[in-house]
Structures are given as structure tokens and as C-alpha cells.
Amino acid sequence: MEYIALNNGLQMPMIGLGVYQLQGTEGENVILKAIKNGYRLFDTAQMYGNEQMVGKAIKKAPIPREQLFITTKLYSPSNSYEKAKRDIDKSLRELQLDYIDLMLIHEPYSHAIDMYKALEEAYEEGKIKAIGISNFNQKQYLNLLHHCHIIPAVNQVESHVFYTQKSLLELMNKHGTVMEAWSPLTADPSRIMHNDLLISIANKYNKTPVQISLKYLLELGIVIIPKTSHEERLMENIDLFDFQISESDMKLIETLNQGRSLFGW
């Protein structure tokens, strides 16, 4: 596993597993299979309704909790400073953790600044090791910077070969915020699997188009959390550290960028 240093020095794995839609014992088993295959970052959210499941899997993990990096997110019911404070503690209880590695505000809600103040306070109390945001565009990100005391460590956004958001990436790099891609394979990975350019480049490196598209983001310094429940895909998605994409191939992949969301944001 490779790591990236957040703006407070915390080391964050470059690859993790998004656990959206994973539930129950089956979800726990997927997380345990991921740990077996080298995953250390797991991304959940209050909105997903599965924090408790993630907590149970952590308890069963064959490695120390300190080796895991757990992310969760506040969403719209936490729409004030007081409610956010309450729901930070709720996540700690649901996850059965003494601390959360990274906690985000799920979307740029109208009360996001008040919610962020609660995250800052929880960070200073040691309940959270790093704080950040999700789905904030350039204008929303800059507005938050004008009101916060702690610069967000992470902004988790849509990012993939068809919509890299490089201008947002460059802006955040200037301020010390890491970009994390919540949908690095898009909602329809077949678009990547059957793309002629990605197939051609993948053949050069003896990799798959999926691996090339994920490695492209890693080369840009973007953390990725591809979602899957299949062990063979878990293994494929993390097998990215034994090659580098050439500068010329990076430029070719960049031509796939359509400059617009595939999710209608």
C-alpha cells in the first residue's frame, strides 16, 4: 500500500474500499476479504446506514485497529453545530471506535459551516484524526476556507478518467487539501472496460483498462475508493503499485476527459 500525507501529517492510504450498499454479515465478509487483500482504508457514511456493520467488521479484523483508516460522513440531519456534535458521537458509538480517522461533511449543505465548526472542535478533542468535506466545488471550497480555522484535509468528489476535475485538484493542492475520488470507475465500469484507448494502453503494461484508469488517478495524487463486493475485483483494484504510466500515456488518457459530471451534479 502507498500512503499520502494529509495537511496535518496523518498518513492516508491511497486506495480504499467504498462500502456504500454493503450491509449485514455479507458486508462484514467483504470488508474482511478486503483486509486480507491489503486494504486498510474503508469509507462509510451516516447516510449509508451501515456504520454499525463496519464497526462489527473492524472488531473481527485480524489486524490492530491502528492499522485501519476509517472514514465516515455527516449528512443533512446534522444541519447545525449542536446536531453535528451529537451525530459525531453517534458515529463513534455506531462504529464502536474511540476515534474516527477522517470525518467529512457529505455535501455542501446550507449549514455546512456550522457543521464544520463541530468537526473542528471534535478534531481538537481527539475524537477525529482529520476532517474534511465532500462534493464541494471550487466556489464552495473557497467559501469554506474563508470561514474555517482548520483547512479541510480531504475533499471527496466525483473523479474518473472521463471527469478528472483537474482545475479543482490544482486549486486544492495549493491549499493543502487532498482530492479523493468517490467514483473512480464511474457508475458504469463497462465504459472503462470497453474503451479502445484504455484497452490499448492496458495491453502495453499487461494490465486491465480498469487498472489503468485507477492508476491514472493515483499518478495525479488522487486517493481512490472503488466499490466492489467481489474478491477478484478487490484484488484487481489494489494491484496498482508495480508499474507507472508514462508521461505520454498520461497525456493520452487526459484526452478522455469530457469536463462534465456523469452523475448530473
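Which residues in H1 meet residues in H2? Select Gly24, Gly27, Glu28, Ile31 and Leu32 in H1, then Met53, Val54, Lys56, Ala57 and Lys60 in H2; these residues meet, where contact means heavy atoms within 4.5 Å. By class, this contact has five nonpolar, two polar and three charged residues. Ala, Val, Leu, Ile, Met, Phe, Trp, Tyr, Cys and Pro count as nonpolar, Asp, Glu, Lys and Arg as charged, and the others, Gly among them, as polar.

Before going on, note that this is a predicted model, in which local features need pLDDT of at least 70 and side-chain atom pairs count only at pLDDT 80 or more, while totals for chains, interfaces and linings use all residues. Residues are numbered from 1 along each chain as its sequence is written, and side-chain values use heavy atoms, with hydrogens and water left out.

**Stop 1**

Helices (H or I, at least four residues) and strands (E, at least two) are DSSP runs, numbered from the N terminus. H1 and H2 pack at an angle of about 50 degrees, and their axes are 9 Å apart. Axes are lines fitted to C-alpha atoms, for helices over the stretch in contact, and angles run from 0 to 180 degrees between N-to-C directions. H1 and H2 are therefore oblique to each other; angles under 35 degrees count as roughly parallel, over 145 as roughly antiparallel, 65 to 115 as roughly perpendicular and the rest as oblique.

H2 and H3 pack at an angle of about 45 degrees, with axes 7 Å apart. This pair is oblique too. On the H2 side the contact is made by Glu51, Gln52, Val54 and Gly55, and on the H3 side by Ser91, Glu94 and Leu95. The classes here are two nonpolar, three polar and two charged residues.

**Stop 2: tyrosine 81**

Stay on H3 and select tyrosine 81. At 26% relative accessibility, tyrosine 81 counts as partly exposed. Buried means under 20% relative accessible area, exposed over 50%, and partly exposed in between (1.4 Å probe, protein chains only). Leaving aside neighbours within four places in sequence, tyrosine 81 is in contact with Asp114, Lys117, Ala118 and Glu121. The C-alpha atoms of tyrosine 81 and lysine 117 are separated by 6.7 Å, although the two residues are 36 residues apart along the chain.

**Stop 3: salt bridges**

How many salt bridges does the structure hold? There are 14, each a side-chain nitrogen of Lys or Arg within 4 Å of a carboxyl oxygen of Asp or Glu.

Select glutamate 121 and lysine 85, whose side chains meet in a salt bridge (3.2 Å, N to O). Glutamate 121 lies in H4 (residues 112-124) and lysine 85 in H3, so the pair ties together parts that are 36 residues apart in sequence. Glutamate 121 is partly exposed at 24%, and lysine 85 is partly exposed at 31%.

Next, select aspartate 89 and lysine 127, which form a salt bridge at 2.9 Å, N to O. Aspartate 89 is in H3 and lysine 127 is in the loop between H4 and strand E7 (128-134), so this pair ties together parts 38 residues apart in sequence.

Now move to H10 (residues 231-238) and select glutamate 236 and arginine 233. Their side chains meet in a salt bridge (2.9 Å, N to O). Being three residues apart in H10, the two are separated by about one helical turn. Glutamate 236 counts as buried at 12%, whereas arginine 233 is partly exposed at 34%.

**Stop 4: H9**

Select H9 (residues 209-219). Is H9 mostly covered or mostly exposed? H9 is mostly covered, with ten of its eleven residues buried; among them are Val210, Ile212, Leu214 and Tyr216. Glycine 221 follows H9 and has a positive phi, near 85 degrees.

**Stop 5: glutamine 156**

Finish at glutamine 156 in strand E8 (residues 154-157). Glutamine 156 is buried, with a relative accessible area of 2%. Apart from neighbours within four places in sequence, its contacts include Asp43, Lys73, Asn135, Glu180 and Trp182.
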